[in-house]
Amino acid sequence: MDSIVVKGGTPLKGKIQIAGAKNAALALMPATLLSEEPLTLTNAPRLSDIKTMTELLRSLGVEVTALQDGKVQVLSSHAMTSTTADYDIVRKMRASNLVLGPLLARHHQAVVSLPGGCAIGARPMDIHVTALEAMGAEIELKDGYLHATAKGGLKGAKVPLRFASVGATENVLMAATLAKGTTVIENAAREPEIVDLAECLRRMGAQIDGEGTSTITIQGVDRLGAATHPVVTDRIELGTYMLAPVFAGGEVECVGGRLDLVGSFVEKLHAAGVEVTETADGLKVSRSNGRARAVDVTTEVFPGFPTDLQAQMMAMLCTAEGTSVLEEKIFENRFMHAPELVRMGADIEVHGGTATVHGVDRLKGAPVMATDLRASVSLILAGLAAEGETVVSRVYHLDRGYEHVEEKLGAVGAQIERIAGS
Ligand code: UD1
């Protein structure tokens, strides 16, 4: 397994191009299942999660062609061979469940494995299942698989979500495009990736109103056609690289960055004393003087502070002046990076969903282990600020969500290299 070695203390200078959003692409790719005609995605990110989604779609008979080194993905579902999403692929990535809605909508049936260790009725698929049942689907759990059918097709319905789940909103949005009649999703997620999906579906011929608000209305149509759609900027990659100069010092311009994608995050950066400016090409962040200030952060659904930037923010607050309190409200057990940061000299106490970070003067390099995608990048960022060498092992998590991290950070002056493992 590869590891990444970071030597701290070098200020950064330059531009980083932000890629298309992983989480948008993972919802846009299954949208191809709704149409016989091709869907072309431009500005696609080059990540192992995209390869996993490609593998899943190919297993259903979808043709997936990667052009321009993977930046363009052409998908065609004209000759599908299966409506079963196998455990061997689904267990690798939770977003595999996004084939459920489109398969039900166009093929009136789907068999989708639950990710390991999950039970229907409880987390993590109950919101998807209840919503699709409201649209007339019959769904049963057998041998770890959801067996879903919609005889005669899905029907438009009022679909209130008990929680504004991103994945459930995406599944219902896709399913409703081909349902008979009108679907109204209440308490819908408002994330930019939902807006991006709605824009793509509209390009394919869907009739959708209200994306980006809590109520989305979809008027079902008979069929969807071909479309070309550019994947929205990855706001999590953006936020991550915006933090890099706060750790290392210097100045970085994130090309493609947009304030509307990271509003609540930028508010916290300002409160911490970090300067963010809009440029013609994106967002620029600089830190020339002293330590950042402590700030309290609570993760929330969009437009609140994103859970996917919590680990990176915690790493930054480890050396801020004062005490910060971080509350994780979206996922349980999402502080696995805390003990690794403590190995680097941080002072963090975790009680349930609350972490209290007492700022220390500096972190020290150490061997640490990546436990999940965002945790792994938070350790790399911490390494940029730490004295000496930090070796982050198990970086396969990182490759799920960040393309060429060592090249992007290396190009702005970071001392970082990947060591190939066995
Ligand atoms: C998406 C993102 C992920 C991000 C998350 C929250 C993708 C591919 N992934 O994940 O990076 O961290 O949004 O912003 O877009 N839940 C249930 N029952 C359900 C569905 C969800 O209890 O049926 C719970 C989950 O366990 C979790 C919370 O709701 O605690 C949020 O989940 P959800 O919004 O669905 O996140 P994902 O779509 O899985």
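Q: Is N187 buried or exposed, or partly exposed?
A: Buried means under 20% relative accessible area, exposed means over 50%, and partly exposed is in between, with a 1.4 Å probe and protein chains only. N187 has 33% relative accessibility, so N187 counts as partly exposed. This is a predicted model, in which local features need pLDDT of at least 70 and side-chain atom pairs count only at pLDDT 80 or more, while totals for chains, interfaces and linings use all residues. Residues are numbered from 1 along each chain as its sequence is written, and side-chain values use heavy atoms, with hydrogens and water left out.

Q: Where does N187 lie, and what is its phi?
A: Helices (H or I, at least four residues) and strands (E, at least two) are DSSP runs, numbered from the N terminus. N187 is in the loop between β11 (182-186) and α7 (192-203). Its phi is near 60°, a positive value in a residue other than glycine. D69 also has phi near 60°; D69 sits in the loop between β4 (63-67) and β5 (72-76). At 63% relative accessibility, D69 counts as exposed.

Q: Which residues is T32 in contact with, leaving aside its neighbours within four places in sequence?
A: Contact means heavy atoms within 4.5 Å. With those neighbours left aside, T32 is in contact with L39, L57, V62, L75, S76, S77 and R106. T32 is placed in the loop between α1 (22-28) and β3 (39-42). With a relative accessible area of 0%, T32 is buried.

Q: How should I read a sheet, and what is the order of the strands in the open sheet of 4 strands?
A: Strands of a sheet pair through backbone hydrogen bonds, either parallel or antiparallel. Two strands pair if DSSP finds at least two bridges between them. The open sheet here has the order β6-β7-β9-β8, with mixed pairing. At its edges stand β6 (84-85) and β8 (138-142), each with a single partner strand, so one side of each is left without a neighbour in the sheet. β8 and β9 (residues 145-149) run antiparallel and are joined by 5 bridges. In β9, Y145 is the bridge partner of K142.

Q: How many residues surround the ligand?
A: A residue is near a molecule if one of its heavy atoms lies within 4 Å of it. Here 19 residues surround the ligand, and the closest are P124, D126, S165, D308 and I330. The shell divides into 8 nonpolar, 5 polar and 6 charged residues. For this count, Ala, Val, Leu, Ile, Met, Phe, Trp, Tyr, Cys and Pro are nonpolar, Asp, Glu, Lys and Arg are charged, and the others, Gly among them, are polar. α5 gives the most to the shell, with 3 residues.

Q: Where is D308 placed, and which side chain does a polar contact of 2.9 Å join to that of D308?
A: A polar contact is a pair of N or O atoms within 3.5 Å; within protein, one must be able to donate a hydrogen and the other to accept it, and residues adjacent in sequence count only if both atoms are side-chain atoms. The side chains of D308 and R334 are joined by such a contact of 2.9 Å. D308 is in the loop between β18 and α10, and at 15% relative accessibility D308 counts as buried.
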